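Below is a short note for a colleague who has not seen this structure before. Please read the points with the model open.

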Amino acid sequence: METKEHVPAMLEPIGQVLRRHPKVNLQLNRALAPFENSAKVLLFSCNMCGQCLLHENGYTCLMNCPKQVRNGPCGGVRMNGHCEVKPEMECIWLKAERRSRRFPGRYLFLRIHAPLDWRRKGSSAILNAVAGWPGNGKE
């Protein structure tokens, strides 16, 4: 799989500690996750899946899709670009594609992502990325 290009190499020693000591990771998660949750919910309507892809999708949380599809639209997009499940809502993938045009690293939008690890839901995506847990680019 790909390297974890969005995590600076200088954080690797911290990642090693987090992988070796799950209790440390758990305690840090308890301390940091509420702050991360508050900021991301407020700014991006984040659903705290714990495997954040905001930076790859134009800062659009893909978990707002009613089907929670992480690798492209479901195929049920209406002709007006709205969701087949929630007709009043624009397809989250159309929104993500449009927004990703404005940010560098647009090629990341096209990546195929690992399935979501639901055990990470509600945890800090930043700590999970540093630790290199599956779903954060270090499979």
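1. Glu84 and Lys67 form a salt bridge, with their closest N and O atoms 2.3 Å apart; a salt bridge here is a side-chain nitrogen of Lys or Arg within 4 Å of a carboxyl oxygen of Asp or Glu. Glu84 and Lys67 both lie in the loop between H2 and H3, so the pair ties together parts that are 17 residues apart in sequence. Glu84 is partly exposed at 36% relative accessibility, and Lys67 is partly exposed at 40%. On this scale, buried means under 20% relative accessible area, exposed means over 50%, and partly exposed lies in between (1.4 Å probe, protein chains only).

2. A word on the source. This is a predicted model, in which local features need pLDDT of at least 70 and side-chain atom pairs count only at pLDDT 80 or more, while totals for chains, interfaces and linings use all residues. Residues are numbered from 1 along each chain as its sequence is written, and side-chain values use heavy atoms, leaving out hydrogens and water.

3. The protein has four helices and zero strands, giving the pattern α-α-α-α along the sequence. Helices (H or I, at least four residues) and strands (E, at least two) are DSSP runs, numbered from the N terminus.

4. For 139 residues, a compact globule would have a radius of gyration near 14 Å, and the 16 Å of this protein agrees with that. The radius is taken over C-alpha atoms, and the globule rule is 2.2 Å times the number of residues to the power 0.38. Along the principal axes, the C-alpha atoms fill a box of roughly 50 × 25 × 25 Å. Of the 139 residues, 41% count as buried.

5. Which residues make up the largest nonpolar core? The nine are Leu53, Leu62, Cys65, Met89, Cys91, Ile92, Trp93, Ala96 and Phe109. A nonpolar core is a set of buried Ala, Val, Leu, Ile, Met, Phe, Trp, Tyr and Cys residues joined through side-chain atoms within 4.5 Å. Leaving aside neighbours within four places in sequence, Phe109 is in contact (heavy atoms within 4.5 Å) with Glu56, Asn57, Trp93, Ala96, Glu97 and Ser100.

6. Glu56 also has a charged partner: its side chain meets that of Arg111 in a salt bridge (2.6 Å, N to O). This pair links distant parts of the chain, 55 residues apart, with Arg111 in the loop between helix H3 (92-100) and helix H4 (125-131) and Glu56 in the loop between H2 and H3. Both partners count as buried, Arg111 at 14% relative accessibility and Glu56 at 2%.

7. A further salt bridge joins the side chains of Arg106 and Glu97 (2.6 Å, N to O). Salt bridges with shared partners join Glu97, Arg101 and Arg106 into one network. Arg106 is partly exposed, at 34% relative accessible area. The whole structure holds nine salt bridges.

8. Leu28 is found in helix H2 and is partly exposed, with a relative accessible area of 33%.
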